[in-house]
Amino acid sequence: MADGLTLRARMRPYRAVLASRARSQSSYRASFALDLASSMLVGVIELAEIWVLFHNVVELGGLEFSQILLVFGLADLCFSLADMTFGHCDNLPMYLRAGTLDVFYLRPQPLLLQLVTSDISLRRLARAGVGAVALVAGLALNDIAWSPAHVLLLVLAIVSGYATFAGMFVWAGGVQFFLIEGAETTNAFVYGGRYAATQPASVWNRPLWAVFGFFFPMAFTGFLPALWLLGVEPPYGMPDWVGWCAPLAAVWTWTMALLSWRFGVRHYQGGGG
Amino acid sequence: MGMTDPIIETSGLTREFRVRDTSTGSVQRALKRRTLVAVDELSVRVGPGEAVGYIGANGAGKSTTIKMLTGILVPTRGSVTTCGLRPVQDRRRLARQVGVVFGQRSQLWWDLPVRESFRILAAIHDLSATAEQERTDELVERLEMAEFLGTPVRQLSLGQRMRAEVAAALLHSPRLVILDEPTIGLDVLSKQRLREFLVAERRTHGTTLLLTTHDMGDVERLCDRILVIDRGRLAYDGDLLGLSRTVGAERVLVVDLAEATEDLTGITATRHLASEGHGLRQRLAFDAETTTAARVLAAVSERAEVLDLTVEEPDIEDVVRRIYAARR
């Protein structure tokens with residue numbers, strides 16, 4: 001039935017919901033400004049943390065402050081953008097309690113798409129702004145041998161990093177179908193993952209690499225692409241080009257996310273037990 | 001599908017839940033689970049245009065049935081088709097033909113004006129600009145929503161919100177409308193308005209109605225068929241008169257008399273229930289099968305001057321209780 005629709009017509013439901021969310025958040029100017037300011041403050045504090053850390057050690061994990069700034073900027077920008085557009089997905093218990101998910105079942109769109117497009121946190125734009133400033137500063141302060149490949153990798157890294165964090169939120173949502181108080185568990189990986197992603201991953205030990213390097217591929221959202229841009233060798237004898245695998249990391253995360261969501265929905269409907 | 005194909009058809013529809021058994025000790029509790037049968041071998045056929053009351057105690061299986069009809073829950077056994085579609089597999093196509101009002105779950109956006117919620121829902125159901133305009137106008141007029149169309153949903157009274165919820169569920173002109181406790185908590189006037197609207201909607205559009213309710217008034221004014229469910233099983237399927245006949249439900253005539261009167265006993269097919277204020281107000285139960293309120297009133301009038309009267313309908317809880325008791 002929906003197959004013959006144009007893309008524009010297919011997007012109509014999602015556009016209508018998102019536009020209304022955006023309007024309602026920005027319609028009270030003073031309160032919206034306050035939201036933006038507080039969100040920016042969170043971003044600035046997290047950046048300051050990196051800076052304080054650096055002041056005590058000059059060099060962290062083989063990187064200087066300006067280089068760490070690039071790692072932080074990349075990872076934090078990606079996370080903030082994902083948090084803005086997908087952050088509500090890991091609040092699934094709220095949707096379950098309010099019966100919103102049952103309401104989604106009664107509408108002719110896919111459940112996950114409805115969930116994703118049911119909200120957008122515009123205030124997180126401010127935090128993404130902090131990430132973007134850090135990224136630009138990181139790019140400017142370092143001697144990067146710019147070439148088309150560098151530009152391409154930068155774009156790939158941002159898109160992939162955004163997708164990876166977005167996938168983390170969806171994964172968390174799927175898991176929360178099963179776990180009571182599941183947010184406690186998933187937060188450790190989603191927000192812990194964000195924290196890990198903004199650090200120079202060369203300081204991680206091997207178990208940490210297993211978890212946040214590969215299983216939840218946080219190292220691919222900032223650290224590894226940044227190393228390639230900077231011309232610094234990756235740790236643990238990884239090949240130079242490993243930073244180019246950021247899109248693979250995104251695909252892997254989304255594979256986990258969609259499986260998690262699918263199992264979660266099956267569990268909710270009671271089909272697969 | 002044709003005009004006579006059923007809107008709802010279930011056959012041996014069963015849904016079980018695995019629940020933790022809390023009656024055993026703590027060690028076994030974690031391991032031992034028991035099976036709770038929420039809906040048990042339900043076989044029902046509802047034709048187009050019917051208006052069906054689905055009644056039963058809390059936890060009897062009403063919500064579980066509705067969730068299986070709409071594709072939210074997968075049946076454990078048995079089959080179900082709604083509007084000729086398989087609810088779980090064809091959920092998205094079915095959503096275009098079914099509208100559901102859950103008393104406890106809102107389809108509206110609480111921080112947006114009612115009008116805005118309708119606009120979004122029109123986009124969700126991909127209504128054309130003309131269809132959206134016409135249907136919205138129709139619903140606004142019939143449900144008398146013009147005065148609060150620009151009000152954010154969170155500021156609406158319960159009665160206004162329920163009207164908006166009903167409009168939201170009906171905006172895409174569904175063939176089947178399922179209402180879960182639509183009049184709960186509403187005042188008399190709001191209830192009446194909502195019922196009148198549903199009657200008119202059914203008459204003009206041939207909409208099939210399925211509603212769960214604890215309100216006998218809903219059943220009497222809206223439904224021409226009643227299903228009673230008891231512990232997941234169908235306990236009664238028929239019309240209201242037959243239901244009263246089955247359980248022998250009595251109506252109660254309450255009369256206010258001009259002066260203190262002796263208890264009005266001995267009237268044909270009537271039972272004296274109680275007297276208040278030295279017999280100024282008396283309550284008489286009568287069997288609607290064998291006599292009428294008018295006849296009872298005439299008999300009362302021979303003995304005393306009647307100032308005022310009300311007729312109490314059998315309470316739905318009472319009817320359900322009697323059915324349950326008869327089955328046990």
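Predicted model: local features only at pLDDT ≥ 70, side-chain atom pairs only at ≥ 80, totals over all residues.
Biologist: What should I know before I start?

Modeller: Local features need pLDDT of at least 70, side-chain atom pairs count only at pLDDT 80 or more, and totals for chains, interfaces and linings use all residues. Residues are numbered from 1 along each chain as its sequence is written, while chains are lettered from A and ligands numbered from 1 in the order in which they are written.

Biologist: Is helix H2 of chain B mostly covered or mostly exposed, and how do I tell?

Modeller: A residue is buried if 20 or more other C-beta atoms, placed from the backbone, lie within 10 Å of its own. Helices are DSSP runs (H or I, at least four residues), numbered from the N terminus. Here H2(B), residues 62-69, is mostly covered, with eight of its eight residues buried. Among them are Lys62(B), Ile66(B) and Leu69(B). After H2(B) comes Gly71(B), with a positive phi near 85°.

Biologist: How many residues does each chain bring to the contact?

Modeller: Two residues are in contact if their C-beta atoms, placed from the backbone, lie within 7 Å. Chain A brings 19 residues and chain B 26 residues. On the chain A side, H1(A) gives the most, with seven residues.

Biologist: And which domains does chain B have?

Modeller: Domain bounds come from an automatic or database domain assignment. Chain B has domain 1 (49-71 + 84-245) and domain 2 (248-318). Their centres, taken over C-alpha atoms, are 36 Å apart. Each of the two domains gives eight residues to their contact. On the domain 1 side, H8(B) gives the most, with three residues.

Methods: Buried ≥ 20, exposed ≤ 12 C-beta atoms within 10 Å, placed from the backbone. Helix = DSSP H or I, 4+ residues; strand = E, 2+ residues; numbered from the N terminus.
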